[in-house]
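We will go stop by stop.

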Amino acid sequence: MPSAGHANGNSGTVSVGHTRQSNSTVGCSGCSIPGMSVAWLQAAGVEVAAVDPETGEQWEVVSLDGHFKGHLDGIITAGLKEAPKPPHLLECKTHNAKSFEQLRKHGVAVAKPEHIAQMQVYMHLRGLTRAFYLAKNKDTDELWSERIE
């Protein structure tokens, strides 16, 4: 069962908790959500490998003789307090207000099953068993997170 948390950008730090609340906003309209998410997580003591050390590029998964490709936002290697067993796929998404409310109400598995499918494929191709989903409301900058196993 995924657990959820919230990010608090008011103090410049991010906390990852066990609540299904998301009360804070982060001022970054128009920013790159994966890049900012990595910075927020790192400020909270979460270790994130944003690029593949072998290539120096964004993590990539390839399957079906190159007919399927995808790019990971990062791999969390340590520091998630609620899940000390790394690694976790990091997936960052933005939502409009309506979509974000559905995410908060139902969780990512119900609100955005296509995001679950994407994470499951990426996890399989990278040999991972866990993911951390971080979503940003494009209209309010509110954040939402869930762990996926």
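Are Glu91 and Lys93 buried or exposed? Select the pair: both Glu91 and Lys93 are buried, where buried means under 20% relative accessible area, exposed over 50%, and partly exposed in between (1.4 Å probe, protein chains only).

Before moving on, note that this is a predicted model, in which local features need pLDDT of at least 70 and side-chain atom pairs count only at pLDDT 80 or more, while totals for chains, interfaces and linings use all residues. Residues are numbered from 1 along each chain as its sequence is written, and side-chain values use heavy atoms, with hydrogens and water left out.

**Stop 1: charged pairs**

Stay with Glu91 and Lys93: they form a salt bridge, with the closest N and O atoms 3.3 Å apart. The term stands for a side-chain nitrogen of Lys or Arg within 4 Å of a carboxyl oxygen of Asp or Glu. The whole structure has 6 salt bridges.

Next, select Asp141 and Lys136, whose side chains meet in a salt bridge at 3.0 Å, N to O. Both of these residues are buried. Then try Lys112 and Glu114, a salt bridge at 3.7 Å, N to O; here Glu114 is partly exposed, with a relative accessible area of 43%.

**Stop 2: Asp73**

Move to the loop between β4 (68-71) and β5 (74-78), where you will find Asp73. Strands here are DSSP runs (E, at least two residues), as helices are (H or I, at least four), numbered from the N terminus. Asp73 is buried yet has no salt bridge, and the nearest side chain of opposite charge, Lys93, is 6.2 Å away. (Lys and Arg count as positive, Asp and Glu as negative; His and the chain ends are not counted.) What the side chain of Asp73 does reach is the backbone nitrogen of Cys92, at 2.7 Å.

**Stop 3: helix α2**

Now select residues 97-106, helix α2, and colour Ser99, Phe100 and Leu103, which are buried. They lie on the same side of α2 because they cover an arc of only 100° around the axis, taken from the directions from the helix axis to the C-beta atoms.

Finish at the two ends. Asn96 caps the N-terminal end of α2, with a side-chain oxygen 3.2 Å from the backbone nitrogen of Lys98. Just after α2, Gly107 takes a positive phi of about 85°.

Key. A polar contact is a pair of N or O atoms within 3.5 Å; within protein, one must be able to donate a hydrogen and the other to accept it, and residues adjacent in sequence count only if both atoms are side-chain atoms.
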